[in-house]
Structures are given as structure tokens and as C-alpha cells.
Amino acid sequence: MPVRNQAALDFLLTRRSVPAKTMTGPVPDKSELEVILTAAARSPDHGKLVPWRFVVLQGKAFERIIEEIKRAGVRQNRSDDEIAKPLPHYNNAQLAVVVVEKVDTEASIPVVEQVYSAGAVCMALTNAALASGWGANWLSGWFSHDATFRKDAFGLDENERVVGIVHIGTPKSEPSDRPRPDVAAITSWVNE
Ligand SMILES: Cc1cc2nc3c(=O)[nH]c(=O)nc-3n(C[C@H](O)[C@H](O)[C@H](O)COP(=O)(O)O)c2cc1C
């Protein structure tokens, strides 16, 4: 008989993100975050290519990133509203982890599978932070797809992309849930 890990299952059935704007300090310290990163790195990875890495953003980095977002917005001719929209995520941020995708185009493993693996790492990171009792929120934003921003703000190489910027902190209040998909409607059962 399978041995049920009820606590893990309960967590997975009730987990929910905490909007970055509604988080504050404290945030995990280095050793707590290292546990969360270790859990995140324990993700499915076809070919064991490790096509991802982490950039940890802390403290003063956020002031610089806000300026980089504004610069990217001007460069891209974004409206004032578009530029202003993501800033509240960064104004009070104290800790975020950029999950970076670095695919190997020469590898026998299809690039799309390496990208899926990087997405799995983001999910595992979010869940590990939530399971540790913190709030967490997987964000991107138009700027995260801008090559110059990625290089200037996060130090990414040309062949690297942002999979997600996972904000971690303390929820100011109990996060409300959102409607969840109707699993029966999105599931087909094939048995012949
Ligand atoms: C790849 C990706 C990028 C996202 N980027 C944003 C974003 O930039 N802004 C935002 O408000 N939500 C964004 N979201 C959605 C948030 O992560 C949202 O909190 C999440 O879908 C809530 O679902 P959960 O409660 O099941 O974790 C993104 C989600 C994914 C998967």
C-alpha cells in the first residue's frame, strides 16, 4: 500500500500565492533561503542539464531595479501607467529570487523541455517558500523579457532569460483564494 504523506497533500490542496504588494518583512535569512533553494533545485530535469540558476535580490537592489524598470519603459516607449504598474511590487520588496533559464541548444534534450524544467523550478521555489511559512509570489512583468533590462538589472547573459521573479516575505493578512479550474472539465480519461 502507498504511504500517504497527508501533511504534504493538505499543503498542495490548499496552497496559494500571496500577492507581492501585500507582503512585508521579515524575510527568510540566508540559511533559511538556502533550504528553499535546495528544495527548488530538486526539480525534474531531463538529461540532468540544470538549465537554470538563481539570482537572489535583497535590500538596496530593489531601488536600483526600480530605476532599471523605468529606464526599460522609456526605452520601449511604454505609457506612464505601464511603467508605474509593477513598481508597487518592488517599492517594499526585501527579498526575491530570479529564476534564470539557461538552455543548452546543442543538447539532445529539446529546448522546450529545458524551459519546462525551469518553470518547474519556479513552482517548487514558490511552494518551498510557502511550505516554510512565508508568503511567495511568482511574478514576471513586461520588463523581465527585455534583454537589456535582464543584463543591467540581474546580470544575465544574452542566452539567459527570466523564468520568474519569486518574491518572498511575510503576508500582512490572510490571502484570499482565487477561483480554481474545474478539474473534470480539463481532464480526459483514456482507457482503451
Ligand atoms: C510565468 C508566470 C508569470 C506571472 N507573472 C505575473 C505578474 O507579472 N504579475 C501578476 O500579478 N501575476 C503574475 N503571475 C500570476 C501570479 O503568480 C499569481 O499570484 C498566481 O497565479 C496565483 O496562483 P496560486 O495562488 O495558485 O499560486 C504569473 C504567473 C506565472 C506562472
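From the N terminus on, the elements of the protein chain follow the order α-β-α-β-α-α-α-β-α-β-α-β, giving 7 helices and 5 strands. Helices (H or I, at least four residues) and strands (E, at least two) are DSSP runs, numbered from the N terminus. The radius of gyration of the protein chain is 18 Å, close to the 16 Å that the globule rule gives for 192 residues, so the chain is as compact as a globular protein of that length. Here the radius is taken over C-alpha atoms, and the rule is 2.2 Å times the number of residues to the power 0.38. Along the principal axes, the C-alpha atoms of the protein chain fill a box of roughly 60 × 45 × 40 Å.

This is a predicted model, in which local features need pLDDT of at least 70, side-chain atom pairs count only at pLDDT 80 or more, and totals for chains, interfaces and linings use all residues. Residues are numbered from 1 along each chain as its sequence is written.

Two packed helices are described by the angle between their axes and the distance between the axes. Helix 2 (residues 30-40) packs against helix 6 (residues 111-131) at an angle of about 140°, with the axes 8 Å apart. Axes are lines fitted to C-alpha atoms, for helices over the stretch in contact, and angles run from 0 to 180 degrees between N-to-C directions. The angle makes helix 2 oblique to helix 6; angles under 35 degrees count as roughly parallel, over 145 as roughly antiparallel, 65 to 115 as roughly perpendicular and the rest as oblique. Helix 2 contributes Ile36, Ala39 and Ala40 to the contact, and helix 6 contributes Val121, Ala124, Leu125, Ala128 and Ala129 (C-beta atoms, placed from the backbone, within 7 Å). By class, this contact has 8 nonpolar, no polar and no charged residues. Ala, Val, Leu, Ile, Met, Phe, Trp, Tyr, Cys and Pro count as nonpolar, Asp, Glu, Lys and Arg as charged, and the others, Gly among them, as polar.

Pro26 is found in the loop between strand 1 (23-24) and helix 2, and the peptide bond from Gly25 to Pro26 is cis, with omega near 0°. Lys48, in the loop between helix 2 and strand 2 (52-58), has a positive phi of about 50° although it is not a glycine.

Definitions and conventions:
Contact = placed C-beta atoms within 7 Å.
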